[in-house]
Amino acid sequence: MKTVLGIESSCDETAVAVVHGGDEVLASVVYSQVPLHRPYGGVVPEVASRAHVQKIRAVAEEALRQAFPGAADPWAGIDAVAATCGPGLAAALLVGWSFAKGLALALGKPLLPVNHMHAHLWSVRLGHPELREADLWPQLGLAVSGGHTCLVHAPRPGGFRLIGQTIDDAAGEAFDKAAKLLGLGYPGGPVLDRLARSVPAGERRAIRFPEGRVAPDHPLPPGLRADLCLSFSGLKTALLTHVRKHPPQGEAEVARLCACYQTAIVDALAKRVGRALETLPCKSLAVGGGVSLNGQLREALTALAARHGVRLLLAEPRYCGDNAAMIAGIAGAGYALRDAEPLARDVDPSLPV
Ligand code: KG4
Ligand code: ZN
């Protein structure tokens, strides 16, 4: 059983964690840069990579202190170093990946490259050693974050097959852009989620937004099914058009608008998940990424999983957003990317699932 130090720096969180045996989290430290990016209403890559450089060493030392309190040499407890090498922002990825290379060389330990999206799907396992492999596979995975929205079918652990994805904006981006448009701050997901909670279920479809269908003849990479793909860019345009025609008056109207917009996103995701569950063998549904914190999405997926008789695996809230426990976890479980020469490897901002 390996104890892995994991590093995550693909976007705006500087994170380091220590995980034993794939699911036992000894420490997970996340330094969030959200306040730095808030004034811009989104992540500024240059600001992100600088902040990673400034923080990564302190975050790593804090993770080690927490993982091995009082140890004379906490580094001695680490069997391998894992880090995200893609997908993500190039300059941000480079900081964590280079730091990981340096650590692995200095410690004389293996370096394990991790795909960020695989790790989001692994996040459901963190803190849950009781999950039995035999009950989980084949698995449908939904990763929904600020940068990605994808559906993955995994016949076995580590066997990821991309079957659907957004052809433009990610689900989290759709939340963030709406919040920006409505002047509600950044990140948008938590704000829309909170406002939507105050709106009765019966009013959440009062304003209709496009469902983001992808035309059957839309050119897609091999393996992807158009009926499992989504498009979110029309949604924000529809919101803009609606707001221009009917500017919301007062907090209750803003909340209702947010609830309807959120419903469109949740319905679009739930519809694709439902179709995948109908047409593919699945024992479990694993959901990760920042958007998986969304209350309405959680409700919709809970209902879907019950209807299809599959086990729903949701990451614990602290492991939904970007974190390094998912990186150390998946690597420790043996599902890092295979690479004979990881030290020669570069980051890949558009690393495929
Ligand atoms: O996974 P994550 O932390 O970082 C990326 O890899 O992108 O996801 C961040 C995204 C943001 O777009 C944020 O608005 C969204 O997750 N988010 C939510 C909620 N909390 C965070 N979206 C909907 N509802 C939420 N409660
Ligand atoms: Zn992420």
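Let's start at arginine 57, which is exposed, with a relative accessible area of 58%. Exposed here means over 50% relative accessible area, buried means under 20%, and partly exposed is in between (1.4 Å probe, protein chains only). This is a predicted model, so local features need pLDDT of at least 70, side-chain atom pairs count only at pLDDT 80 or more, and totals for chains, interfaces and linings use all residues. Residues are numbered from 1 along each chain as its sequence is written, and side-chain values use heavy atoms, with hydrogens and water left out.

Arginine 57 has a partner: its side chain meets that of glutamate 61 in a salt bridge, at 3.1 Å from N to O. A salt bridge is counted when a side-chain nitrogen of Lys or Arg is within 4 Å of a carboxyl oxygen of Asp or Glu, and by that rule the count comes to 15. Both residues sit in helix H2 (residues 45-67), four residues apart, about one turn of the helix. Helices (H or I, at least four residues) and strands (E, at least two) are DSSP runs, numbered from the N terminus. Glutamate 61 is partly exposed, at 33% relative accessibility.

H2 also holds glutamate 62 and arginine 65, three residues apart, and their side chains form a salt bridge at 3.0 Å, N to O. An α-helix has 3.6 residues a turn, so residues three or four places apart point the same way.

Now for a pair that reaches across the sequence. Aspartate 169 and lysine 236 meet in a salt bridge (3.1 Å, N to O). Aspartate 169 is in the loop between strand S8 (161-165) and H5, while lysine 236 is in helix H7, so the pair ties together parts that are 67 residues apart in sequence. Aspartate 169 is buried at 8% relative accessibility, whereas lysine 236 is partly exposed at 25%.

Finally, check the backbone at two prolines. A cis peptide bond joins glycine 86 and proline 87, with omega about -15°; another joins tyrosine 186 and proline 187, with omega about -5°. Most peptide bonds are trans.

Key: Chains lettered and ligands numbered in written order.
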